[in-house]
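Look over the structure first, then take each task in turn.

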Amino acid sequence: MKKTLGKAKEALATDHTWNRLGRFAVTGIKALPGASVDYAVEKLPIIRWLPRYNVRWLINDMVAGLTVGLMLIPQGLSYARLAAVPVQYGLMSSWLPSAIYAIMGTTKDVSTGPTSLISILTAQVIKAVGEESGSPSEIASAIAMMVGIYSLVTGLLALGFLLQFISLPTLTGFISAVAITIILNQLDSLLGEPSPGEGTATQIREVFQHLPQANGWACLVGFSSLILLTLLDHAGKRWGNKNKIVWFASITRAFITLMVFTGVGYAVNNPRGSPDRFLFGVAEVQGNGQEPPRIPRADLLSKVATQSIVIFVGTGIEHTGIAYGFGVRNNYVPDQSQELTFLGVANIANSFFHAIGVGGAMSRTAVNSACHVRSPLSGFVTTAVVLVSTVKLVGMLYWIPNATLAAIVIHAVFPLVSSPAVFYRYWRTSLADFVSSMIALSVGFNVGYVLLRQVFARVSALPAGADCRSELEAAIDETRKVPSSIPSDTRVFYLNDSVFFPNAYRVKTSVIEAIKTHHAPVSSSAEGQEAERSWSVSREERLAKLRHRAGAYGGPDVLVRFAAMSKYVRQRFERAGWNMIGDGDETHEEGLGEEQAVRAPGKPQVITMIMWRTGSGGGQTVTST
């Protein structure tokens with residue numbers, strides 16, 4: 001027995017796996033307090049960006065919040081009706097999410113609240129469960145609770161990387177398709193026609209069929225609103241930099257249009273008495289105050305748990321897709337996992353008010369962005385507008401013309417429809433990208449394993465002077481004419497898997513973070529963009545930590561060059577409109593000194609290199625693929 005225990009003790013002492021687990025456990029215990037604080041702060045992004053808030057942004061945020069709030073009221077009412085619940089619950093669903101997003105959101109543009117997709121799916125579940133199980137509002141609140149639980153768990157487990165399966169061409173097609181659908185959905189209000197049926201083809205056909213029944217007064221109001229919005233927009237672009245009044249009128253064009261035509265709606269329709277005698281339709285906003293919060297019934301939660309998964313998937317894709325899309329358009333990077341965490345908190349909180357589920361809305365987000373919103377602080381203004389309007393201003397908001405609301409939505413989302421030139425460029429560069437932008441199909445689960453492995457492709461970075469290549473790898477690199485005389489102050493990157501769209505962002509981020517760890521931002525324009533977006537400082541703080549950990553700084557001047565591209569890669573760049581330099585030619589960029597010229601080494605078949613030189617503070621860096 002003693003001998004057996006001795007062997008077991010010796011085995012444990014020399015076992016590599018147990019020793020490694022022990023080291024990980026000790027490291028984890030030491031890092032736990034600080035990591036816990038960092039994790040908690042990451043879930044409340046406002047803690048980081050609010051101290052750096054620029055007071056000059058307040059006007060933009062107030063205007064954006066006010067405009068979105070005024071849009072949210074009639075949309076909340078209509079989406080509640082679409083979800084088959086009493087309309088007052090649409091208002092109860094609309095006020096809280098914006099305030100929560102101001103605290104937890106990672107974008108400046110996204111507007112949250114009820115959406116058409118969530119409402120349609122909620123109505124289907126309510127119909128399937130049956131009213132004998134409870135009132136429609138009770139069932140809707142149970143659905144919102146389950147959607148919130150699924151979203152919260154997914155966000156806390158940091159599964160937001162799933163969005164990386166969506167390529168840029170697919171995203172372009174998705175945004176354009178949604179924008180076109182939104183425009184079609186607004187045409188009945190713009191023209192004063194009966195509501196069209198479902199389906200794009202059906203909507204287009206019925207819009208033309210009902211043209212003889214269009215309301216001429218609604219058309220006049222709607223197209224006048226569009227003209228006013230367009231004129232103010234173009235005036236701001238042409239004279240906004242020279243005239244502050246024109247600039248202010250341009251950024252507040254949606255609010256100005258609402259106020260002008262709300263006055264028109266009151267002046268024209270109020271003397272006519274009942275709504276059936278109005279010359280054109282108005283929002284007819286009504287509110288009965290807020291009900292006290294109540295926890296959804298446990299029996300309903302179990303009944304809707306399975307059906308709510310579909311709503312969760314649809315809501316998550318819609319919300320994170322909108323966040324990612326506007327991040328691409330406005331040059332910032334949202335945190336997808338944090339966005340899912342917000343969805344969880346917002347839907348759970350909303351469910352206490354017997355409210356329908358909520359998420360990001362494309363039309364309101366487009367309006368929010370068009371108002372040049374500067375930070376998520378606009379969400380507090382939106383919340384205040386909805387609360388005050390529900391209690392105090394219902395009488396005034398009653399007269400907002402439906403045609404004017406439709407015009408604002410159309411004006412906001414029309415720029416989101418990509419031009420044919422964008423899709424033609426996809427056609428010229430890649431048939432796969434063109435097809436993706438046209439059909440936007442999801443990736444099947446049968447290839448999930450392969451894609452997940454590719455998504456998490458690693459970038460190995462060797463420290464200065466290190467060479468961990470085997471003799472076989474060194475021989476292969478020599479046949480590919482990879483430079484063997486690499487300076488001692490060089491950092492080399494090796495990609496362990498092929499690069500394609502699911503892992504392209506991860507690989508790019510790894511390389512750029514390495515550059516920014518040892519160097520300042522690549523260009524002055526990038527520095528300006530960072531300063532303009534100083535409300536979001538998570539990436540800056542991460543780079544500061546990486547730079548501190550590296551203990552080295554190579555200087556502010558970095559010149560990036562691509563060298564030794566394969567013929568296949570060169571053709572892709574050329575078809576995309578890049579000006580290419582011939583292999584083996586010693587050339588340099590316009591305005592750069594001869595000492596910064598780089599000669600492309602040979603013509604390797606597979607190797608692609610990214611080479612850049614620093615200024616006086618450092619040496620040369622080579623990225624090898």
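**Exercise 1.** In which loop is the place of Asn331?

Solution. Start with how to count: this is a predicted model, in which local features need pLDDT of at least 70, side-chain atom pairs count only at pLDDT 80 or more, and totals for chains, interfaces and linings use all residues. Residues are numbered from 1 along each chain as its sequence is written, and side-chain values use heavy atoms, with hydrogens and water left out. Now find α15 (308–330) and α16; Asn331 sits in the loop between them. Helices here are DSSP runs of H or I with at least four residues, strands are runs of E with at least two, and both are numbered from the N terminus. Next, check the backbone. Asn331 has a positive phi of about 65°, although it is not a glycine. Asn331 counts as partly exposed because its relative accessibility is 37%. (Buried means under 20% relative accessible area, exposed over 50%, partly exposed in between, with a 1.4 Å probe and protein chains only.)

**Exercise 2.** At what angle do helix α11 and helix α12 pack?

Solution. Locate α11 at residues 216–239 and α12 at residues 244–251. They pack at about 140°, with axes 8 Å apart. (Axes are lines fitted to C-alpha atoms, for helices over the stretch in contact; angles run from 0 to 180 degrees between N-to-C directions.) That angle makes α11 oblique to α12. The classes are: under 35 degrees roughly parallel, over 145 roughly antiparallel, 65 to 115 roughly perpendicular, the rest oblique. Now name the residues. α11 brings Leu232, Asp233, Ala235, Gly236 and Trp239; α12 brings Val246, Ala249 and Ser250. Sort them: five are nonpolar, two polar and one charged. (Ala, Val, Leu, Ile, Met, Phe, Trp, Tyr, Cys and Pro count as nonpolar, Asp, Glu, Lys and Arg as charged, and the others, Gly among them, as polar.)

**Exercise 3.** Describe how α13 packs on α20.

Solution. The axes of α13 (residues 253–269) and α20 (residues 402–413) come within 10 Å and cross at roughly 165°. That makes α13 roughly antiparallel to α20. Arg253, Ala254, Thr257, Leu258 and Phe261 of α13 meet Thr404, Leu405, Ile408 and His411 of α20. By class, this contact has five nonpolar, three polar and one charged residues.

**Exercise 4.** Step back: how many helices and strands does the protein chain have?

Solution. The protein chain has 28 helices and nine strands. Of its 625 residues, 45% are buried. Finally, look at contacts between residues at least 6 apart in sequence: 80% of them join residues at least 24 apart.

Technical notes
Contact means heavy atoms within 4.5 Å.
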